[in-house]
Amino acid sequence: MTKLGLSVDEVLSTTRAVRKRLDVTRPVSRELIEECLDLALQAPNGSNRNTWRWIIVDDPAMIAKLADEYKAAMGLLNDGTMPTPNPIGTSDRDARILESAHALVEKLDKMPAILIPLMPGRPDGTDAITQASMWGSIVQAVWSFMLALRERGLGSIWATVTSRREKEIAELLGIPFEEYTQVGFFPIAYTEGTQFKKAWRKPVEDVLSYNGF
Ligand SMILES: Cc1cc2nc3c(=O)[nH]c(=O)nc-3n(C[C@H](O)[C@H](O)[C@H](O)COP(=O)(O)O)c2cc1C
């Protein structure tokens, strides 16, 4: 399995939401996905109960159906355009994200694979501790999976827009909706080139305080 040999800090600071640079022409082996998942499953989870489930979709016909659900979740109009107003925001950065999100939609039906991680139960209406335990027992593993992809020259996007179509996707994939919550939707493909930069974030001093709020 070819690895890029990035340092931990490089992997942590350059694992981006990749949309335009996903190479949908290059197949991704199950072996590679399973290697990344094997690493991801080392993430912490409540009481080490391993109650997560992981669905990889690599059947082209099912991927095309999921791509249709993604489009529906994005609220795209029949001609493929986004209804106004812009649902993200009004800055240049927001506009770039939206453009990139559209670029993804256009090639989603050709994606080599898609990951849908599942956590047991439904968070709807539960208290904060229950929710914290539920989400906290899976998000680290999902992020580890994305980091493992990055080190192997692949990319993904953490997408939650599909939760708007969670029932429809559950039906397509035979997921018992009342028993499992879809954590998100993660396209998987090799990236075009492997150079990625640090992204803009608010600086530490703007978001950190010591010994109190
Ligand atoms: C919880 C969460 C939900 C997201 N949902 C979507 C989504 O539905 N569609 C999408 O294209 N990107 C989605 N993203 C990706 C973000 O837009 C992206 O991470 C952000 O713009 C920062 O870019 P970067 O990850 O490359 O630094 C999501 C990211 C997170 C963490």
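Where is the place of Asn-50? Asn-50 sits in the loop between α2 and β2, where helices (H or I, at least four residues) and strands (E, at least two) are DSSP runs numbered from the N terminus. Welcome to a quick tour of a predicted model, in which local features need pLDDT of at least 70, side-chain atom pairs count only at pLDDT 80 or more, and totals for chains, interfaces and linings use all residues. Residues are numbered from 1 along each chain as its sequence is written, and side-chain values use heavy atoms, with hydrogens and water left out.

**The ligand and its surroundings**

- In one of them, a polar side-chain atom of Tyr-70 lies 3.4 Å from a ligand nitrogen.
- Backbone atoms take part too: an N or O atom of the Thr-160 backbone is 3.1 Å from a ligand oxygen, and a polar backbone atom of Val-161 is 3.0 Å from an oxygen of the ligand.
- On its own the ligand exposes 610 Å², of which the protein buries 64%, with areas from the Shrake-Rupley method and a 1.4 Å probe.

**The two sides of helix α2**

- Helix α2 (residues 30-40) has Leu-32, Ile-33, Cys-36, Leu-37 and Ala-40 as its buried residues. Buried means under 20% relative accessible area, exposed over 50%, and partly exposed in between (1.4 Å probe, protein chains only).
- Viewed down the axis of α2, the buried residues fall within an arc of 135°, so they line one face of the helix; the arc is that of the directions from the helix axis to the C-beta atoms.
- Turned away from that buried side are the exposed residues Arg-30, Glu-31, Glu-34 and Asp-38.
- The cover over the buried residues of α2 includes β2 (53-57), β3 (113-120), α6 (139-151), β4 (154-155) and β6 (186-191), with contact meaning heavy atoms within 4.5 Å.

**Positive phi in the loop**

- Most residues other than glycine have a negative phi.
- Ser-47, not a glycine, has a positive phi of about 55°. Ser-47 is found in the loop between α2 and β2 and counts as exposed at 70% relative accessibility.
- Asn-50 also has a positive phi, near 55°, and is partly exposed with a relative accessible area of 38%.

Note on methods: A polar contact is a pair of N or O atoms within 3.5 Å; within protein, one must be able to donate a hydrogen and the other to accept it, and residues adjacent in sequence count only if both atoms are side-chain atoms.
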